[in-house]
Amino acid sequence: MFKALVLEQEDKKTLATIRQVATSELPEGDVLIDVDYSSLNYKDGLAITGKGRIVRQFPMVPGVDLTGTVAESSDDRYHVGDKVVLTGWGVGEGHWGGMAEKARLKADWLVPLPTNLDGKQAMMVGTAGLTAMLCVQAIVDAGVTPDAGEIIVTGASGGVGSVAVTLLAQLGYKVAAVTGRAETNGPLLKQLGATTIIDRSVFEEPARPLDKQLWAGAIDTVGSKVLAKVLSQINYNGAVAICGLAGGFDLPTTVMPFILRNVRLQGIDSVMCPFEKRQQAWQRLTELLPASYFEQACREVSLEQVAECAEAITNGQITGRVVIKL
Ligand code: NDP
């Protein structure tokens, strides 16, 4: 038996309880893992509170991320004692996830834990960090270089945003951070490497089709009118990587930035990201994230504190990353 956070549904409401579960109840998979850490993402918050339709069947153990040690394996790639990391692949949505002391998963979904990260650090990165890395890579791949101008990051104090700010600064980009919490989080964002802090309210005003050109590129985690405004201000030949919808899934924009300024819009998905790209991104993260990131922008909680943190993340009240110790 082991401890797990289990989501069930009663009268269309999601109930989250901590209970003992038998290993035999775990879903099918070729690798059994003793979980060391999970993390809390926005998506986990939606699943645990029931505010978003994330969970595809109940009962469900949430947790789209986990790190741990292989306890049993029927796959040649993984052996007992190996340290692994898992993000995405619908784990915590359609397959029991990381907020439990054990997980059984498909070997195809796993990545060997990068050598210079420990399990806790890997969860401080987690889905949010991997997504931030993929967004930054998209800006680099689009040919936007640090001398082209500032890169704007929205939802900057969140999990994805805070890692994106850090990575861009490490690569030598000037970073403008858009946040709804400029007063409280401005100093942290500056420590992470932001050169300019902008209050989100500026970006919530209706966007004109084309505004003054201000940014060489953008990483957007928010969507909706904030993204529309960002798009209207991107420089000629700029690139925008978008991954999130914290402010809404609509996009009230026009074709103008794309057809008159040659702006490139790149969607980013980390969930189904293929193994090679995933492994490269983890490698790059270990090279780029400074030790200070792990001290500044992360908080560790127990399974018992998850429900409260889940509510907070859906209300935009969490700064940086939350990791869960199993
Ligand atoms: P967080 O909750 O940690 O961060 C989101 C941030 O967005 C908040 O911290 C806040 O930043 C800002 N925000 C919150 N509410 C609003 C609002 N109503 N309007 C504008 N801004 C708001 O979430 P994550 O960083 O984990 O995820 C960010 C987004 O990216 C989510 O939508 C998530 O679903 C998505 N995502 C997508 C992935 C993919 O593979 N495509 C993977 C991971 C995440 P501040 O206070 O600084 O304004």
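Predicted model: local features only at pLDDT ≥ 70, side-chain atom pairs only at ≥ 80, totals over all residues.
1. The ligand is surrounded by 33 residues, and the closest are Gly155, Gly158, Thr179, Gly244 and Gly247.

2. Which domains supply the shell around the ligand? At least three of its residues come from domain 1 (2–113 + 298–325), and at least three from domain 2 (127–267).

3. Next, have a look at how the helices pack. The axes of H2 and H3 lie 8 Å apart, at an angle of about 50°, which makes H2 oblique to H3. Their crossing is right-handed. On the H2 side, the contact is made by Val125, Ala128, Gly129, Thr131, Ala132, Met133, Cys135 and Val136; H3 brings Gly159, Val160, Val163, Ala164, Leu167 and Leu168. Sorted by class, this contact of H2 with H3 has 11 nonpolar and 3 polar residues, and no charged ones.

4. H1 has a packing partner too: helix H9 (residues 306–314). Here the angle is about 115°, with the axes 8 Å apart, and H1 and H9 are therefore roughly perpendicular to each other. The crossing of H1 and H9 is left-handed.

5. From H1 come Tyr42, Asp44, Gly45, Leu46, Ile48 and Thr49, and from H9 come Val306, Ala307, Ala310, Glu311, Ile313 and Thr314. The residues of this contact divide into 7 nonpolar, 3 polar and 2 charged.

Definitions and conventions: Residues numbered from 1 in each chain as written. Near = placed C-beta within 6 Å. Domains from an automatic or database assignment. Axes fitted to C-alpha atoms, helices over the stretch in contact; angles between N-to-C directions. Helix = DSSP H or I, 4+ residues; strand = E, 2+ residues; numbered from the N terminus. Parallel < 35°, antiparallel > 145°, perpendicular 65-115°, else oblique. Left-handed = near helix turned anticlockwise from the far one by under 90°. Contact = placed C-beta atoms within 7 Å. Nonpolar A, V, L, I, M, F, W, Y, C, P; charged D, E, K, R; others polar.
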